[in-house]
Amino acid sequence: MMDGDANRNFITDIINGHNESGRFDGRVHTRFPPEPNGYLHIGHAKSICLNFGLAAQYGGLCNLRFDDTNPAKEEQEYIDAITEDVRWLGYDWDDRLYFASDYFDELYEMALELVRIGRAYVDELSPEAIREYRGTLTEAGRESPYRNRPIEENLALFEKMRAGGFKEGEAVLRAKIDMANGNINLRDPVMYRILDAAHPRTGGKWKIYPMYDFAHGQSDSIEGITHSICTLEYEDHRPLYDWYLDNIEIFHPQQIEFARLNLSHTVLSKRKLIRLVQEGFVSGWDDPRMPTISGLRRRGYTPEAIREFCDDIGVGKVKGVVALHKLEFHQRQHLNKTADRVMAVINPLKVVIENYPDDLVEQMEAVNNPEDESAGTRLTPFSKVLYIERDDFMEAPPRKFYRLAPGREVRLRYAYFITCREVIKDENGEIIELRCEYDPATRGGSAPDGRRVKSTLHWVSARHAIEAEARLYDNLFTVENPEGDRDHDFTAFINPDSLNVVNPIYVEPHLRGARPGQRYQFERLAYFVVDEDSTADKQVFNRTVTLRDQWRKERKKAGKPRRKRRRKGAASR
RNA sequence: AGGGAAGUAGCUCAAUCGGCAGAGCAGGUGCCUUUGGAGCACAAGGUUAAAGGUUCGAGUCCUUUCUUCCCUGCCA
């Protein structure tokens, strides 16, 4: 992953160019600049990995800076959550935690300087009038009648703004650039506006607050940022970013724009995520179905997998949609190497081993993680009455169904070969129990005579199993692009089966005492994480991601989709 | 009187100075297996948005066209 060319992209090309020309003396210093007005999501992870990754790649630094210039929207709660999320993703900013609000004094001085040199003025046009004067995409704007007042008057008025002499909306400070410019950001952009709101950090000290454009570049400059990486929608802002820095005459970082992440089967805009929470489609920002960092964390996703994903999707200027499959792929890849295996039955079918002694209990040795020898082994109890997965038995098996069927022999993992002798049904014809026969010579799972079986089933001992709750999560949306339909709101595509609670499921006793956050593979089913809702009496397991399921594909190919009835509460998918 | 940007395999990205268009994922086929997982092998997938030009040679340079996206907050 770290070998030379792997991390090459258009941004490293730019950085390499700077290093050759000596523009930043070989320095690389980036920053991740969230606004504390919401929770971080997987799209932010891309930016975090990019900024911190680039710094690491070049032996540079990356700051965490909160862009807190709009107290009307920002809260301490978000600052805390964002800080936690970035740290959880595995990144460290040492002592370089900054806030744009740290620079309010300096920013004010810079604004004053622009007023003094005649490049900024106080405008008393109403917000509506300013909009009207700005012109349109195809027509030039007109100059404000206040545009050419004397410098001394602007100085006095700006002071009056600072001192609270104006109400919200009565006056703004504007840069004097070009009302006819094709780039609307250059038509005398607002630098400062009056906001009557308490700031989480500066309290009531300020009545005026800098706009993003006036704060961001200068904050970058103050921190010595060399490469200010942002998303594509800021391309039109770069000329303004440059204008402020050039006219204030301070250190000039390079703004670089990349395409933000779009993920299939989900939404990533803050506005839409808020609606999912507020309208009750999910339980909160950390609902395991949410694409937020906190949601992914609770779902069982690992920082390593998210970082690998970000590394894999790369960075460019082309807007595209990344398949959710890709995130899942990386998650399986990481959990496959690290998660302990355990046996759990989600949709139980009772199996009685007729020729097994009634009271005998044998402890079977099971491998915790075949990918990691150091994970060791455990003992798991075997007895006469077991549960297997209902899906692992078919009375009339189709071709390529290798699992248990009448008269067929299969292996119970780490235990014995068993053969199904009898199928017991209730009055409705529903299968309620299987009577089987085991071969004592096959203890541990292999036959001395060398005979083989085509499949291996997971199981739990009915007497010893712990009852737990499973929350089976699936995509929140049923379509790739929930926002792509003109006639329907994105909420119309919410997957009604995105959460399927199964209670109880049966897990092997080894799981007793597993703590929230611990991850396991339920063999042949999926990866699960212990949820924070777990109690001493009942553990809750969130399904992170299923295992790939070849049999499901076979079924699909055979054109025999499973019936709705059987799906309910079923283990697969 | 509009400005800015992007088009390479289904998806995400490569392709050095202009020199045989590649990889990962997905999908396909097969092998193997005490997870039908993991793993392995193989095949397939392309008029590089289009047209024209320069050149021995163009994804790359030039011209034109087409398509898509962003921009008219006192949000970021």
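Are tryptophan 243 and tyrosine 244 buried or exposed? Select these two residues in the predicted model, and you will find that tryptophan 243 is buried, as is tyrosine 244.

With both side chains shown, look at how the rings meet: their centres lie 5.6 Å apart and their planes stand at 75°, and because an angle over 60 degrees counts as edge-to-face, the pair is described that way. A search of the whole structure finds 24 aromatic pairs.

Move on to phenylalanine 522 and phenylalanine 541, another edge-to-face pair, with 5.3 Å from centre to centre and 65° between the planes. This pair links distant parts of the chain, since phenylalanine 522 belongs to strand 23 (residues 519-522) and phenylalanine 541 to strand 25 (residues 540-546), 19 residues apart. Both of these phenylalanines are buried.

Finish at strand 12 (residues 348-353), which is joined by 5 bridges to strand 15 (residues 385-389), the two running antiparallel; here lysine 350 has tyrosine 387 of strand 15 as its bridge partner. Strand 12 is also joined by 4 bridges to strand 18 (residues 431-438), in a parallel arrangement, and there valine 351 stands opposite leucine 434 of strand 18.

Definitions and conventions
Residues are numbered from 1 along each chain as its sequence is written. Chains are lettered from A and ligands numbered from 1 in the order in which they are written. This is a predicted model: local features need pLDDT of at least 70, side-chain atom pairs count only at pLDDT 80 or more; totals for chains, interfaces and linings use all residues. Side-chain values use heavy atoms; hydrogens and water are left out. Rings of Phe, Tyr and Trp (its six-membered ring) pair if their centres lie within 6.5 Å; planes under 30 degrees apart count as stacked, over 60 as edge-to-face and the rest as tilted. Buried means under 20% relative accessible area, exposed over 50%, partly exposed in between (1.4 Å probe, protein chains only). Two strands pair if DSSP finds at least two bridges between them.
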